[in-house]
Amino acid sequence: MAPHMDDEALACGGLIAKLTAKDRVHIIYATDGMKSPAPIFPARDRISPDLGKTRMQESIKAMKLLGVPEHNLHF
């Protein structure tokens with residue numbers, strides 16, 4: 001289970017890369033980040049209305065690079 005999108009790659013990416021049965025890896029995402037609080041630096045940062053969709057696409061791409069089938073990603 002990944003609390004946020006990108007945690008699966010940052011916390012488990014090295015292990016996933018070493019696995020041989022990647023079709024058995026399933027990832028459940030708890031949130032897409034759309035309920036994030038205000039940006040840390042309001043003058044510089046902002047939460048895009050497409051943040052959830054962008055994070056989903058990035059996770060799919062990252063897991064594809066690691067060999068995890070897209071149908072094993074549960075958003």
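The face of H2 turned away from its buried side carries Lys 53, Glu 58, Lys 61, Lys 64 and Leu 65, which are exposed. Exposed means over 50% relative accessible area, buried under 20%, and partly exposed in between, with a 1.4 Å probe and protein chains only.

A word on the model. This is a predicted model, in which local features need pLDDT of at least 70 and side-chain atom pairs count only at pLDDT 80 or more, while totals for chains, interfaces and linings use all residues. Residues are numbered from 1 along each chain as its sequence is written, and side-chain values use heavy atoms, with hydrogens and water left out.

Helices (H or I, at least four residues) and strands (E, at least two) are DSSP runs, numbered from the N terminus.

Back to the helix. Which residues of H2 are buried? They are Leu 51, Gly 52, Ser 59, Ile 60, Met 63 and Leu 66. They sit on the same side of H2, because they cover an arc of only 165° around the axis; the arc is that of the directions from the helix axis to the C-beta atoms. The buried residues of H2 pack against helix H1 (7-18), S2 and strand S3 (73-74), contact meaning heavy atoms within 4.5 Å. After H2 comes Gly 67, with a positive phi near 95°.

Next, the core. In soluble globular proteins, nonpolar side chains tend to be buried together. Here the largest nonpolar core has 11 residues, among them Ile 60, Met 63, Val 25 and Tyr 29. Such a core is a set of buried Ala, Val, Leu, Ile, Met, Phe, Trp, Tyr and Cys residues joined through side-chain atoms within 4.5 Å. Strand S2 (27-31) and helix H2 (51-66) each give two or more residues to this core, and the largest share, 3 residues, comes from H2.

Now the sheet. The open sheet has 3 strands in the order S1-S2-S3, with parallel pairing. Two strands pair if DSSP finds at least two bridges between them. S2 and S3 pair over 2 bridges, and Ile 28 stands opposite His 74 in S3.

Last, the rings. Tyr 29 and Phe 75 form a stacked aromatic pair, 4.6 Å centre to centre with 0° between the planes. Rings of Phe, Tyr and Trp (its six-membered ring) pair if their centres lie within 6.5 Å; planes under 30 degrees apart count as stacked, over 60 as edge-to-face and the rest as tilted. Tyr 29 is buried at 6% relative accessible area, whereas Phe 75 is partly exposed at 41%.
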